[in-house]
Amino acid sequence: MIQFSNYDIISNLLFATQWTILLSLAAFIGGTSVALLLTAMRLTRNPAMQTVVRIYVELFQGTPLLMQMFLCFFGLSMLGYEISAWSAAILSLTCFTSAFLVEIWRGCIDTLPKGQWEACRCLGLSFLQTLRHIILPQAIRVATAPTVGFSVQVIKGTALASVIGFVELTKVGTMLNNATFEPFKVFTLVALIYFALCYPLSLYSKHLEKKFNVSR
Amino acid sequence: MSLVNLHQVHKYYGDLHVLKGIDLDIKAGEVVSIIGKSGSGKSTLLRCINGLEEYQQGGITVDGNEVTTEDIQVRRLALSVGMIFQNFNLFPHMTVGENIMLAPTIVLKKSKAEAEEIARAMLLKVGLEEKFDSYPEKLSGGQQQRVAIARALAMSPKVLLCDEITSALDPELVGEVLKVLEQLAKEGMTLVLVTHEMNFARDVGSKVVFMHQGKVWEEGDSKTLLSDPQTDELKQFIGAVL
Amino acid sequence: MLYFSDLLQYSDTFLSGLRTTVELTVLTTILGVALGTTCAAIRQYGNTVSQRVVASYVELIRNTPFIVQLFFIFFGLPAIGMKLSPWEASIIALTINLGAYSTEIIRAGLGSISKGQVEAAKVLGLTFRQTLFRIIFIPAFEKIYPALVSQCIIVMLGSAVISQISVADLTYAANLVQSRNFRAFESYLVTALLYLGLSIILRFVLDAIGKRLFAYRAIK
Ligand SMILES: Nc1ncnc2c1ncn2[C@@H]1O[C@H](COP(=O)(O)OP(=O)(O)OP(=O)(O)O)[C@@H](O)[C@H]1O
Ligand SMILES: [Mg+2]
């Protein structure tokens, strides 16, 4: 059996952290893109489109992320679509992220007074012009804090990719645990690294929220 | 010639019959005050005139064009009908100047320079030329409402609809807004205002429309109507307000 | 092709998994909200030291993944002498997790009760206990109840992870079935739908409880 020094453990964990960060970034970018699309669909006020978005949100918010990953990974390959753990993780995290973001953003858009829409209508702005010049600039200001806050959920969500075998921080943690039989040390370190990734984002989100509330 | 014409307009909110056959004719240059108790349908009437609400029966024309809530129609309507709201509805993320220049540039496709010239002229008219670069939140309520008026005027509308535009203001700020309206009236602007300011209605207005339970209960020349009401309802209303 | 009929013979497995998940959810929802209420009260009204302790607990849990918390409790704690069964470890992990999130939510509710309300209660001669329950807790809970319900559902869905320390819950059942009949897609799809049903039912039940709890509203 190979001996692992504390240094080995930490350097292995830190190396794996890169993959956690990369996966988080990919999921966050994917998630925001899809959420933008869904938000646009919802704003069209076309009942069919709105129903599609509602069902999407209900499905991905109402089922476990782990189950979504299993479906993407084992399920799709069973159906003949070969998919790597990396792709499956990104795909499911994108769905998960977008389902929550689209709801968060809806809340932000809804907090804008109806009078803003009406004033635009009375000035002759089209729907898209209203969105572009009046609604989005204001909604983005409101939405930044909760969106940054949600990025913490995305990072934590990537830990589940370990279950389908993607080698990131949690997976390396369990591997090191099996090799060293020092679970207390290993999982404490793993938790601390996650904390170091997430806590600054949490703080930043709170800061943004305060700043926004003051400026209002 | 009539500028705004309503013929037997009926409006329902679900089962609630809000407007029960409104006939109204407004000529260019008239200053029409709509008065009546809360819930009598005054706001609804204004909102039907500029296409914010749809009506179920009858017809409305502005400057000869039929009013509907179709997007394109509303946008064309916006060119001839301006609207001022009780709570201003300025765009908080834009400066006063940007608020006013927005519609002229992106709806009327005017150049930036042209739009700025208009914006400054309109601000001068409402007495706020030095506030061009301020944000709305830095202004008092009365100033915000005057900016809203300037914003509507920048589209050179033929008629201006005002829904209780002084109701959200502190008493000492009401005067400055009314003064702007009076000036507009003198210049020949057609105004339709829902208001509780009876003195203003009598002294500046040319016509008063008293609404009661979704109907035009009484209408006529502002001075005669207010000093010599015909119906008990209007007598009661005037008694309660004065 | 999909073969859902192949799953029928495993319905007992699914049902027993479903039962485990439901039991665990009921238990940890009660324990977690109780823990959250206690911590929120400390956070709002306690002394500085206890406030700090609670704040650290909340931040620590909210900024680390549940699966790591679970592994730490199940694998890590025995190494320092606290031996736990998978079932015990799951209950502890889920309770601690929900406790941290609900602390934040409930605290926001408590913070929204103005001093004037409490003073008015005092003037009217309400006792401390009456004030605490009628003037503070119930209105505070009413404000944040929807957020709390959503969090309980999120934790219920998160409980899928306990299958990884071989608690025989719904997800465990899905894994078991697909390893037997190799129908991964069907098995996981059915399980996902079961979870969806669970979350809809849980929301329905909690909303109904909320309606009773805050029934005084209906009186007016
Ligand atoms: N969006 C709506 N949906 C349903 N009912 C409405 C709506 N808007 C107004 N109403 C109802 O229509 C009736 C007329 O409302 P309206 O706002 O036109 O009255 P108003 O004369 O302007 O009153 P106020 O002086 O209070 O502004 C009221 O009974 C009101 O409750
Ligand atoms: Mg009104």
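Residues 18-206 of chain C are 84% helix and 0% strand, with end C-alpha atoms 19 Å apart; helices (H or I, at least four residues) and strands (E, at least two) are DSSP runs, numbered from the N terminus. This is a predicted model, in which local features need pLDDT of at least 70 and side-chain atom pairs count only at pLDDT 80 or more, while totals for chains, interfaces and linings use all residues. Residues are numbered from 1 along each chain as its sequence is written, chains are lettered from A and ligands numbered from 1 in the order in which they are written, and side-chain values use heavy atoms, with hydrogens and water left out.

Me: Which feature does UniProt place at residues 18-206 of chain C?

Reply: UniProt positions are given in the numbering used here, feature names are shortened, and annotations may be inferred rather than shown by experiment. The entry concerned is unreviewed, and for residues 18-206 of chain C it gives "domain: ABC transmembrane type-1".

Me: How far apart are the end C-alpha atoms of residues 187-206 of chain C?

Reply: The unreviewed UniProt entry annotates residues 20-42, 63-81, 144-167 and 187-206 of chain C as "transmembrane region". Residues 20-42 of chain C are 100% helix and 0% strand, and their end C-alpha atoms are 32 Å apart. Residues 187-206 of chain C are also 100% helix and 0% strand, and the end C-alpha atoms lie at a separation of 28 Å.

Me: Which pair of chains shares the most contacts?

Reply: Contact means heavy atoms within 4.5 Å. Chain B and chain C have no contact, their closest C-alpha atoms being 23 Å apart. Between chain A and chain B, 19 residues of chain A meet 26 residues of chain B. Of the 2 pairs of chains in contact, the one sharing the most contacts is chains A and C.

Me: What area is buried between chain C and chain A?

Reply: Buried area is the accessible area (1.4 Å probe) that two parts lose on being put together, summed over both. This contact draws 36 residues from chain C and 38 residues from chain A. Carbon and sulfur atoms give 79% of the buried area, which is about 3,100 Å².

Me: Which residues of chain A lose the most area to chain B?

Reply: Chain A and chain B bury about 1,900 Å² between them, with 60% of it on carbon and sulfur atoms. Together giving 36% of what the chain A side buries, the residues that lose the most are Arg121(A), Cys122(A) and Leu123(A).

Me: Which element gives the most to the shell around ligand 1?

Reply: Residues near ligand 1 (one heavy atom within 4 Å) include Tyr13(B), Lys37(B), Ser40(B), Thr44(B) and Glu164(B). An oxygen atom of ligand 1 lies 3.3 Å from a side-chain N or O atom of Glu164(B). Strand S2 (16-27) and helix H1 (42-49) of chain B are the elements that give two or more residues to this shell. With 3 residues, the element that gives the most is H1(B).

Me: At what distance does the side chain of Thr105(B) reach the backbone oxygen of Met101(B)?

Reply: Thr105(B) belongs to helix H3 (residues 96-106) of chain B. Leaving aside residues up to four places away in sequence, Thr105(B) touches Lys110(B), Ser111(B), Lys112(B) and Ala115(B). The side chain of Thr105(B) reaches the backbone oxygen of Met101(B) at 2.7 Å.

Technical notes: Polar contact = N/O pair within 3.5 Å; in protein donor to acceptor, adjacent residues only side chain to side chain.
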